[in-house]
Amino acid sequence: MAEVTLVEAINLALARAMEDDPGVLLLGEDVGLNGGVFRATAGLQKRFGAERVLDTPLAELLISGLCVGMATQGLKPVGEIQFMGFLYPCIDQLVNHASRIRNRTQGRLTCPMVLRTPHGAGIRAPEHHSESTEAMLAHIPGLRVVIPSSPERAYGLLLAAIRDPDPVVFLEPTRIYRAAKGEVEDNGEALPLDVAFVLREGRDVTLISWGAMLKETMAAADALAVEGIAAEVVDLATLKPYDEVTVLSSVAKTGRCVIVHEATRTGGFGAEIAALIAERGLASLLAPVARVTGYDTVVPMARLEQKFMPSVGHIATAARQACQFS
Amino acid sequence: MADGGLPVIARFEVRHRNYLAPDGSINRPLPAFASDAKLLVSLYRAMVLLRSFDRKAVALQRTGRLGTYAVSLGQEAVSVGIASAMRSEDVLLPSYRDNGALIWRGVKLEEILLFWGGDERGNHFSGPVQDFPFCVPVGSQAPHAAGVGYAFKLRKEPRVAVCLFGDGATSKGDVYEAMNFAGVHKLPVVFVATNNQWAISVPLRLQTGCETLAQKAIAAGFIGEQVDGSDVVAVRAAAEEAIVAARDGQGPRFIEAVTYRLGDHTTSDDASRYRPEEDVQARWKEEPIARLRAFLAGQKMWSKADEEQLAAECHERVEAAVERYLATEPRGPETMFDHLYADLPEVYVAQRNELAREEDG
Ligand SMILES: Cc1ncc(C[n+]2csc(CCOP(=O)(O)OP(=O)(O)O)c2C)c(N)n1
């Protein structure tokens, strides 16, 4: 089995999906000859031709709208948006069309499209390149929102997203595009959507996160283990619809929960999980649910960016406090 | 009578403007301002300063002291030529590659470095206080320009909004929507597309089926002109004409400045992946600085000694700015809450304090 980076795993999944299904096509800015600004589509235009790996004009609303049109005709378009900061023009298409065309037409038209975009801060990029506004997308009915946290899950979840009969926004954790390496067998096997992955079992406290933040979350779990605290780590993976069962059963087991995301706190997806636990898991709680998040500010540019991001220390402290609560 | 005997009800044309040939010789009588030798020399000096600033910025990026940076190599004539036709009270709405225009308008070199170095304080221009910061989301500044122009018109202020963007940006609805509105209301806005042939790796022919970008103005109801964007005299002449007309209440104009990006898209890009080096080398023959230098030298307005002195001055100015940039003290992390709202809402004060405490601890 080959050891690959997360972005290489995405490339493998795209190639596999195109190989398996002639209806799969890629479109976006610079995805062709250049292979995408992060090289996620490297080599694919050469292999599958410019009709199936399409450099579009610089127009994000167009990319998302084209996907809707193509998908209704039985194609399986995978659009790429270069950074999440440039996804916002697509919101009109996602909210008003992609997510509800099945519902509006009572199943007569469907929209099996995927929109991929890098997600999150921590790469010292210019302004508007560090967005983690996944909660906004998770609010849209009819959509799936998926974030992998390792090469293996990037491969399996992207294949699942492409094969899914409904629209999926696939958020790729930019910070670990190259930093995360792992063994990926290119066997065409998808992983399930809408399912959370328990990355580590523990009885004392549940740590829930997704995407790149799982790196810090796992490191915090390691640090806590040294102190004798056994943290259970849950990778939510699909944010819409999310796996309530795994969340609730983990909290039922540990009685404590810390939710970690780099997105700003107010209205973040952590609030949704905390509300779920308050509604349906209150009896098992031994401590208040805690959130470790970005601050309610604009993501600062490079010089202060690290200060914005939750750290291993922040996560471990919150978990310790939960464990000491009485 | 057109095909099928149907009458032609409208015809449009697009002009192309050029004065200086690549070798510095003159193609047609120069515009009036070109008799001002001091002005031509100042345009030249600004382009050379920009190139020397660019070179230093790239070196800083390569040594980890600056973030991603977008160079103007080969297209210096556009932002310098355009800005030089503006008045200080006009408003500039630049894209991320328009350092030359900002510098012309008095933004300090160290402010530009601070911005690309990842510090928001770089956007706090000490110069033109109403100018917009660099716009990173492509083309999204065009609607602002229309809004700015509307404010000028409403208040009957003789000011003009000048909006710069790339060829890729002309594919965005934002740009068309802004031009359309400016056309409807005859706003004092000059839209400038720097057509450097590339939007990262995507060449112009995949960006548009149009013969020119200038013709996009026709659909919005105003004049679009194409200029040789490597000829600073042509850029300035077109800008001056457009800005004067806009100030005079004649409504918007569109300028397509045709030039070539000789460098990578940014320091994160590797252009050799998508374009052959021979093409780039061929384009070096047309670049704007050598062209104006050849003209000035031919007119005995510029000498080798002038050139050496200018190089030394630019070096000194850039190095001094770099020193000031590198010496800028870091800010406390709690400052990320500064300027978020006019008054920080009470609920966020706790978060701000949390950050301040962390810094102490
Ligand atoms: C809305 C948006 N989409 C994508 C990007 C990423 N990106 C940055 S520059 C660029 C190409 C822009 O080309 P052009 O408008 O021709 O300007 P140039 O860079 O050539 O000056 C792209 C795609 C962005 N900044 N904004």
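User: How far is the backbone N or O atom of Asp167(B) from an oxygen atom of the ligand?
Analyst: It's 3.2 Å between that backbone atom of Asp167(B) and the ligand oxygen. Keep in mind that this is a predicted model.

User: OK. Which other distances from the ligand to polar backbone atoms do you have?
Analyst: Gly168(B) has a polar backbone atom 2.7 Å from an oxygen atom of the ligand. For Val136(B), a polar backbone atom sits 2.8 Å from a ligand nitrogen.

User: Which chains do the residues around the ligand come from?
Analyst: Chains A and B both contribute residues, so the site is shared between chains.

User: Switching to sheets. What's the strand order in the six-stranded one in chain B?
Analyst: That open sheet runs E1-E7-E8-E4-E3-E2, with parallel pairing. E1 (15-17) and E2 (91-93) of chain B are the edge strands with a single partner strand each, so each has one side without a neighbour in the sheet. From one strand to the next, the twist averages 20°.

User: How many bridges join E1(B) to E7(B), and how many join E7(B) to E8(B)?
Analyst: Three parallel bridges link E1(B) and E7(B), and His16(B) is opposite Gln226(B) there. On to E8 (residues 253-258) of chain B, E7(B) makes six bridges, again parallel. In that pairing Ile223(B) faces Arg253(B).

User: Is E7(B) mostly covered or uncovered?
Analyst: Mostly covered: five of the six residues in E7 (residues 223-228) of chain B are buried.

User: And what about E3 and E4 of chain B, how many bridges there?
Analyst: Six bridges, in the parallel sense, between E3 (residues 161-166) and E4 (residues 189-195) of chain B. Ala161(B) is opposite Val189(B) in that pair.

User: New topic: how many disulfides does the structure hold over all chains?
Analyst: Zero, over all chains.

User: Are Cys111(A) and Cys163(B) buried or exposed?
Analyst: Buried: Cys111(A) has a relative accessible area of 1%, and Cys163(B) has 0%.

User: Over to chain A. What's the order of strands in the five-stranded sheet?
Analyst: That open sheet goes E9-E11-E10-E13-E14 with mixed pairing. E9 (197-200) and E14 (290-294) of chain A are at the edges with a single partner strand each, so one side of each has no neighbour in the sheet. On average, neighbouring strands are turned by 25° against each other, direction ignored.

User: Which helix packs on that sheet?
Analyst: H10 (residues 269-280) of chain A, which touches E10, E13 (257-264) and E14 of chain A. The direction of H10 makes about 155° with that of E13(A).

User: How do E10 and E11 of chain A run, parallel or antiparallel?
Analyst: Parallel, with five bridges joining E10 (residues 205-209) to E11(A). Thr206(A) is opposite Glu232(A) there.

User: Where is Ala230(A) found?
Analyst: In the loop between helix H8 (213-226) and strand E11 (231-235) of chain A. Ala230(A) counts as buried because the relative accessible area is 19%, and the cut-off is under 20%. Beyond the residues up to four places away in sequence, Ala230(A) touches Gly202(A), Arg203(A), Asp204(A) and Val205(A). Val205(A) is 25 residues from Ala230(A) in sequence, with 6.9 Å between the C-alpha atoms.

User: Last one: what does the side chain of Thr238(A) have a polar atom 2.9 Å from?
Analyst: The backbone nitrogen of Asp194(A). Thr238(A) sits in strand E12 (residues 238-240) of chain A and is buried at 0% relative accessibility. Leaving aside neighbours within four places in sequence, the contacts of Thr238(A) include Val145(A), Val146(A) and Leu193(A).

Definitions and conventions:
Residues numbered from 1 in each chain as written. Chains lettered and ligands numbered in written order. Predicted model: local features only at pLDDT ≥ 70, side-chain atom pairs only at ≥ 80, totals over all residues. Heavy atoms only, no water. Pairing = 2+ DSSP bridges. Helix = DSSP H or I, 4+ residues; strand = E, 2+ residues; numbered from the N terminus. Axes fitted to C-alpha atoms, helices over the stretch in contact; angles between N-to-C directions. Buried < 20%, exposed > 50% of the residue type's maximum accessible area, 1.4 Å probe, protein only. Contact = heavy atoms within 4.5 Å. Disulfide = S-S within 2.5 Å. Near = heavy atom within 4 Å. Polar contact = N/O pair within 3.5 Å; in protein donor to acceptor, adjacent residues only side chain to side chain.
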